[in-house]
Amino acid sequence: MKMDVEGATSDENMIEVSYNDLIPNNVGLNSDRALKRALERWQPKFLDWWRTMGPDGFQEAEVYLRTAVGVGKGGWAVFDYVKMPEYRWGILLAPKEEGRTIPFGKHKGEPVWEEVPGEYRALLRRLIVVQGDTEPASVEQQRYLGKTCPSLYDLRNLFQVNVEEGRHLWAMVHLLQKYFGRDGREEADALLERRSGDRDKPRLLGAFNEETPDWLSFFMFTFFTDRDGKMQLESLAQSGFDPLARTTRFMLTEEAFHMFVGESGVGRAIQRTCEVMNEAGIKNPYDVEAVRKLGVIDLPLIQRKANFHIALTRDLFGSEISTNAATYFNAGLKGRYKETRIDDDHQLKDATYPVLRHFNGEFFTEKVPALSAVNARLLDDYSRECQGGLDRWNKIIKNFDIEFTIKQPHVAFNRNVGEFANLHVSTEGGVFDEPTWTAHREEWLPKSEDLKYLHDLMKQEKKCDCFANWISPPRHGVNNMEGDFEYVKLR
Ligand SMILES: [Fe+2]
Ligand SMILES: [Fe+2]
């Protein structure tokens, strides 16, 4: 691949990235021969995994991709055509902050750790493995989507997300192999052996074992589930274990694009639906039959899809009240969202936090020790961020004078983890017995005919500058390319 790094060296924080090596990196791999050997042994296994579990049918296509080539603020990436198996999955750490101290927990104020503290070894390894496991999982989930892409622009964006999740896997594997010796190497291999949705060797977290069967699911996933990823990375970016903090900080620069794909993807579907409804003079968004006759996705289905993905993603935050989360925080391993910007003692000695709980059919808010409510707080931060995107989607609908508002379902709706795991709660927060809830299920979650409709709607569009009927073109091309740009050269 041609590396035109114009502009990439202008930033004074730029750390030199060695791109001539087999494994591009800014971690001085050449001076650590044992680590280099371990990574070089892992690389063919990764490529093998990529070829068998990565995008199906597009391994030979030339894709216009962004590759990270530096970690400075200006010009950290280049765009060029590349065949995905030849993508340069580098190991990149954000610049070191001199004199950084542990920002929270019982070690607050002590210098950050450059090596794994013995007492926290198992906890840290677990954190890294769980984060690492999500990266290849989503690539596996999205493996067949290329066959039904609504445009080459979207196809390219899917692949961009996929290769970057691959790089995130590299990032976690680097930490495992560098800092955790033999068990780290075993964990690195296991990351390539589990499979999304597999009965015997599933991925570690529920949402990463679900299917991503259509493009609306993909956009919902990148909006809601990648956003959970962002919240987790933000919390890890605070870590007292500095290599983890620096790794995740750089991953966040890539993650922003994934959420853009999700938000703009759903937004473009909404835009197209509203446009077509207006042209046909359909005012009632619940006239589903009429809307579907026009070959677009009705707004109530978009709401049901959102309900499904939000609930599934909320489960990823873990129990609202959690001693594990307290342990991670206290130990200085995983902080809160934007920890350093929070105005408190960062140790949560006497602090409380209001958590929504449930007893006997009633919801109530209880102040619990803030230390044990770290997950609840992160989930609240997450909900606030999601709302920003929903507001922007609703603005599109409003611009067309259509009366419909996409809402976040009640936080207890359809949960399998945490405070509300055993309840049967409606999107509005009504608590039901199981048979009643099940009888209403199809009002809240996609039903089989919804999924069939979406399935039939998804047809591959591979002409430049053409888009499937159900989605609007984007406002801007990738890297400011013109509309007729050939984002993927199919063979
Ligand atoms: Fe990721
Ligand atoms: Fe992501």
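**Helix packing and a few single residues**

Mentor: The residues buried in α1 are covered by, among others, α3 and α4, where contact stands for C-beta atoms, placed from the backbone, within 7 Å of each other. Helices here are DSSP runs of H or I with at least four residues, strands are runs of E with at least two, and both are numbered from the N terminus. This is a predicted model, in which local features need pLDDT of at least 70 and side-chain atom pairs count only at pLDDT 80 or more, whereas totals for chains, interfaces and linings use all residues. Residues are numbered from 1 along each chain as its sequence is written, while chains are lettered from A and ligands numbered from 1 in the order in which they are written.

Trainee: Okay, and which residues of α1 are buried?

Mentor: They are Ala38, Leu39, Trp42 and Trp50, with buried taken as 20 or more other C-beta atoms within 10 Å, exposed as 12 or fewer, and partly exposed as in between. The helix itself covers residues 33-53 and reaches 30 Å from its first C-alpha to its last, close to the 30 Å expected at 1.5 Å a residue, the expected span being 1.5 Å times one less than the number of residues.

Trainee: Now α3 and α4, at what angle do they pack?

Mentor: Helix α3 (residues 152-179) and α4 pack at about 155° with their axes 7 Å apart, the axes being lines fitted to C-alpha atoms over the stretch in contact and the angles running from 0 to 180 degrees between N-to-C directions. The two are therefore roughly antiparallel, a word used for angles over 145 degrees, with under 35 counting as roughly parallel, 65 to 115 as roughly perpendicular and the rest as oblique.

Trainee: Which residues in α3 meet which in α4?

Mentor: From α3 come Leu169, Val173, Leu176, Gln177 and Tyr179, and from α4 come Gly184, Arg185, Glu187, Ala188 and Leu191. Sorted by class, this contact holds six nonpolar, two polar and two charged residues, where Ala, Val, Leu, Ile, Met, Phe, Trp, Tyr, Cys and Pro count as nonpolar, Asp, Glu, Lys and Arg as charged, and the others, Gly among them, as polar.

Trainee: Let me stay on Val173 for a moment; what does Val173 touch?

Mentor: Not counting residues up to four places away in sequence, Val173 touches Trp42, Gly132, Ala188 and Leu191.

Trainee: Switching to α10, what covers its buried residues?

Mentor: The cover includes α5 (215-236), α6 (242-280), α8 (299-314), α9 and β3, and the residues buried there include Val374, Leu378, Tyr382, Cys386, Trp393 and Ile397. Helix α10 (residues 374-399) has 26 residues and reaches 38 Å between its first and last C-alpha, close to the expected 38 Å. Just after α10, Asp401 takes a positive phi of about 65°.

Trainee: Where is His346, which also has a positive phi?

Mentor: His346 is in the loop between α9 (323-330) and β3 (352-359), and its phi is near 60°. Leu348 is in the loop between α9 and β3 as well, also with phi near 60°. His346 counts as buried because it has 21 C-beta neighbours inside 10 Å, and Leu348 counts as buried because it has 21 too.

Trainee: Last one: is Trp437 buried or partly exposed?

Mentor: Trp437 counts as partly exposed, because it has 18 C-beta neighbours inside 10 Å. Trp437 is in helix α11 (residues 434-444), and, leaving aside neighbours within four places in sequence, it is in contact with His424 and Phe432.

Note on methods
Contact = placed C-beta atoms within 7 Å.
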